[in-house]
Amino acid sequence: MSTQTANNSRALANATQQPVGTQLVWILTAIVVALALPYLGNDYWVSIGTRAAIYWVLISGLNLVVGFAGQLAIGYVALLTIGAYTTSVLTAGKLFDPISVFFALPIAAVMGAVFGVIVGLPALRLRTFYFAMTTLGFATIVTQIALAWQSVTGGGIGIPGPEMPAPFDGNLGFYYLCLGFAAICTWLSTNVARSRFGSGLIAVRDAEVAAEACGISKSSLLIPIFILAGALAAVSGGLFAGLQTYITPDAFTFELSLLFFISILIGGRGSIYGPMIGTIILVILPEIAAPLAAWSTFLYAFLLLVIVLAMPGGIAVLLDFNNRRPLEKHRTVAPQTALLAALNQHQSVQQSLGLQNIVLSFGSVRAIDGVTLDVKPGKIHGLIGPNGSGKTTTLNVISGYYSPNQGTLTLGTESLPAGMPHVRASRGISRTFQTPRIVGEISVLENVMIGGATKGHANFLQALLAMPQERHERKALKERATALLQVVGLGALAHVRTDRLQHSELRFIEIARALMIAPDFLMLDEPAAGLSNDEIKKLGALIQAISACGTGVLLVEHHVDLIFEICDDVTVLNLGKILAAGTPDEIRAHKEVVNAYLGG
Ligand code: ADP
Ligand code: MG
């Protein structure tokens, strides 16, 4: 038996190891091919390569907006236009004395960053399609201005693109220059993607509510991304103008915008190399199908349709070497609770989490009606009651999703501000959800790491440049998440994509994520729902171990056996009101509770 278990865990470990080698071979091959392209093909291929590299400069930034943050920014050609005109106007000396292209490009980047934020701001308020429309509208405005502002832009006649100084003036030199920019952009966007900013973006995209509970604020994440994407798009525009030699407003078509956007979609969300390959495909496609060039919009749409239907995850799925092998079917979670003490020690916590006389109505429904609770540090407080009695709503009030109509929330002697869910994690409060809120497309480990968002202090610039503080924090976060996965019994699945796991495992991932901040208070919303009896036992032991480390637990549950076995205090809700409160023994013997909820 034990040999079989050992074999199983070895098989699992094999299935989940990251084959770094394969990835490295691919990357090196791509670099060699890119460098050798001028010697493999003719000038024609060099110009295609140059175009792909220039587009990638824009797409690498846009990918963070579209693929990572899930924002439908379809009008990004506007920022390319702004960059192209800024660079050309400055090098041609239309406004001031002419300057070198290498001074003009950084100025274009600043312009792009400013407009990147202006175009992006509506995303903080508007939902997907409305935001998409505003980006499109902006693209139209920019083209119209370029047409109308004749004295500077040359209007419909246009303006010469920037001249490149030697050694970048020839085709070959310009190709290597653009390749260099593309390589730097790949590095920058990979750094962001790997940092807590990248995983935060994906969390906001796929599990916004959980992201907020982990302390991630959507606006402070998106704004640096819009700055970066805008700056890169404008630099791309400057290079694009260099490639065109002469630019007119009609060079900046909607088709181009579509190319950028679709490259990311066929590449796959949340991937860097997928959209890179997508870009190369979309640049080459109209070339090899020259008679079809006039049909390129149709071609892009068709390709998108084919890829979405045949491969919903995009090209990134082909590159996902980690998730090829099948997982073992009959897995059991095996929490190692003994490991927790070293990770979560709370001798210092003396205060309790209190609700005083909370009232919250939804229209005419009084979802909670005068609820008073006291969750003590290091104790387990059960919250039970029939469906619709206000348990989840109570947790949502504590989490700050709802502001109560009456009553106060306190943490020790301080009051806890109503609303503001994203400040709860920094106050030591974390939670899980009645329906697990997990990001399916990233690994289990990355999901758990999201829980530690508030532990990161490195700023965006440090993340962008992969500076030492960011790397140290990242390493610490990874180590803690790995250890916590072992605690909840999922260590072997750390590198597996999360949507391959079974429901009960998701509940344990959520607990591990909630433990990342070493919470003073942990709220669990029906963690035993959907678990087998054996798993419920393990869950009970895990919750006890968590409270033994000093964390106060507020446990909402329908499995009353579990409640009575592990809780120190129990509160019973009915129709939003407290029906009874006391020790498990008192509740078990409470007549009204037995009648209304437990059954005779
Ligand atoms: P429980 O978790 O105990 O099953 P809930 O707290 O989810 O119950 O719900 C309590 C009551 O509040 C129910 O009558 C429910 O329909 C209502 N309710 C909860 N959330 C909302 C909401 N966002 N809008 C309107 N009514 C709600
Ligand atoms: Mg509920």
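## Ligand 1 and its surroundings

In this predicted model, an oxygen atom of ligand 1 lies 2.5 Å from a polar side-chain atom of Thr393. Here are the polar contacts (pairs of N or O atoms within 3.5 Å):

| Residue | Residue atom | Ligand 1 atom | Distance |
|---|---|---|---|
| Thr393 | polar side-chain atom | oxygen | 2.5 Å |
| Ser389 | polar backbone atom | oxygen | 3.2 Å |
| Tyr402 | side-chain N or O atom | nitrogen | 3.1 Å |

On its own, ligand 1 has 560 Å² of accessible area, and the protein covers 63% of this (Shrake-Rupley method, 1.4 Å probe). Strand E4 (365-375) and H16 each give two or more residues to the shell, with the largest share, three residues, coming from H16. Helices (H or I, at least four residues) and strands (E, at least two) are DSSP runs numbered from the N terminus.

## The magnesium ion

Thr392 (OG1) and Gln434 (OE1) coordinate the magnesium ion (ligand 2) at 1.9 to 2.2 Å. Thr392 sits in helix H16 (residues 391-399) and Gln434 in the loop between strand E8 (429-431) and helix H17 (444-450), so the pair ties together parts 42 residues apart in sequence. Donors are N, O and S atoms within 2.8 Å of the metal (3.2 Å for Na, K and Ca); water is not among the atoms, so sites may look incomplete.

## Reading the numbers

Residues are numbered from 1 along each chain as its sequence is written, while chains are lettered from A and ligands numbered from 1 in written order. Local features need pLDDT of at least 70, side-chain atom pairs count only at pLDDT 80 or more, and totals for chains, interfaces and linings use all residues, while side-chain values use heavy atoms, without hydrogens and water.

Terms used. Polar contact = N/O pair within 3.5 Å; in protein donor to acceptor, adjacent residues only side chain to side chain.
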